[in-house]
Amino acid sequence: MNEYILMLKAGLEDCFSLQSDAVRDWKMEGFDQARLEALRPRSPKPEESAENCFNWQAGLADLRAFTLETHYCNFAFWQLLQTGPKERASAETRAFAQDLLKSRAYLLPRTDNALLALLTPHLPEGGRGTINTESPARAIDRMSMLSIKLAHFTNLPTVTRLSKTRQEQCATLTKRLRQERQLLAEAILRLVDEYAEGEKRLPPARLPEPSLELASELAPELAGPAEELYHMAAGLACLL
């Protein structure tokens with residue numbers, strides 16, 4: 001197999017580890033906007049990135065940066081949704097939420113484009129494989145969500161007094177989430193192999209999605225693509 005494809009897969013595995021490490025380092029300490037804003041990683045601006053010109057190391061750095069900042073948006077939005085309706089209704093909190101959702105919508109296509117820039121020079125010529133229907137960035141995003149879920153249920157018994165039955169349920173769910181995350185990671189790496197072998201083709205580069213506007217109050221409904229993230233975070237907030 002092409003050594004660069006192996007390096008790319010190693011880079012993706014590093015991104016997956018980064019998601020787990022970041023949740024642990026950021027700590028689930030409840031919503032504190034100032035603390036969360038101080039934690040925010042910053043990905044490179046378009047003119048600073050290697051998306052449109054092939055540079056291997058810079059491209060891997062872009063992929064890592066976009067993955068981490070998207071993961072941060074998911075994490076911070078989840079923390080925000082742990083607050084009550086009164087806190088979520090404040091203009092400052094709503095502005096913070098809107099910024100997270102706009103950033104996430106902007107970062108997902110940039111993650112795809114960074115991966116496209118890394119893969120394209122090493123794809124077979126004249127590949128006739130089917131175009132993969134799911135964006136690779138969406139799959140990496142699901143890894144982020146699973147990492148947050150896993151951290152939540154791993155941490156739950158240490159911060160909440162649970163019955164023995166609930167502790168056992170938590171342990172079972174944690175084990176299942178680890179398995180799901182491992183299977184998804186393997187599927188993403190296998191997809192890279194399929195691209196490299198011409199069995200599947202990457203979709204063309206995407207422009208960043210337009211800004212998202214929140215629909216009235218932050219909870220319980222959000223508009224458009226934001227609804228997906230809201231339901232993810234609401235599901236995380238539910239106890240067993």
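These legends accompany close-up views of a predicted model.

**View 1. Helix 5, from residue 91 to residue 119.** Helix 5 holds 29 residues. Of the 29 residues, 21 are buried, so helix 5 is largely enclosed by the rest of the structure.

**View 2. Helix 3, from residue 56 to residue 80.** Helix 3 has 25 residues. They should span 36 Å at 1.5 Å a residue. The end C-alpha atoms are 36 Å apart, in agreement with that value. Here 21 of the 25 residues are buried, and helix 3 is therefore largely enclosed by the rest of the structure.

**View 3. Asp-141 and its side-chain contacts with Asn-74 and Arg-104.** Asp-141 belongs to helix 6, which covers residues 136–159. Its relative accessible area is 3%. Asp-141 counts as buried because this value is under the 20% cut-off. The Asp-141 side chain makes a polar contact with the side chain of Asn-74, at 2.9 Å. A polar contact also joins the side chains of Asp-141 and Arg-104, at 2.2 Å.

**View 4. Ala-171 in helix 7.** Helix 7 covers residues 164–196, and Ala-171 is one of them. Is Ala-171 buried, partly exposed or exposed? Its relative accessibility is 48%, so Ala-171 counts as partly exposed. Thr-154 is 17 residues away from Ala-171 in sequence. In space, the two C-alpha atoms are 7.7 Å apart.

How values were computed: Residues numbered from 1 in each chain as written. Predicted model: local features only at pLDDT ≥ 70, side-chain atom pairs only at ≥ 80, totals over all residues. Heavy atoms only, no water. Helix = DSSP H or I, 4+ residues; strand = E, 2+ residues; numbered from the N terminus. Expected span 1.5 Å × (residues − 1). Buried < 20%, exposed > 50% of the residue type's maximum accessible area, 1.4 Å probe, protein only. Polar contact = N/O pair within 3.5 Å; in protein donor to acceptor, adjacent residues only side chain to side chain.
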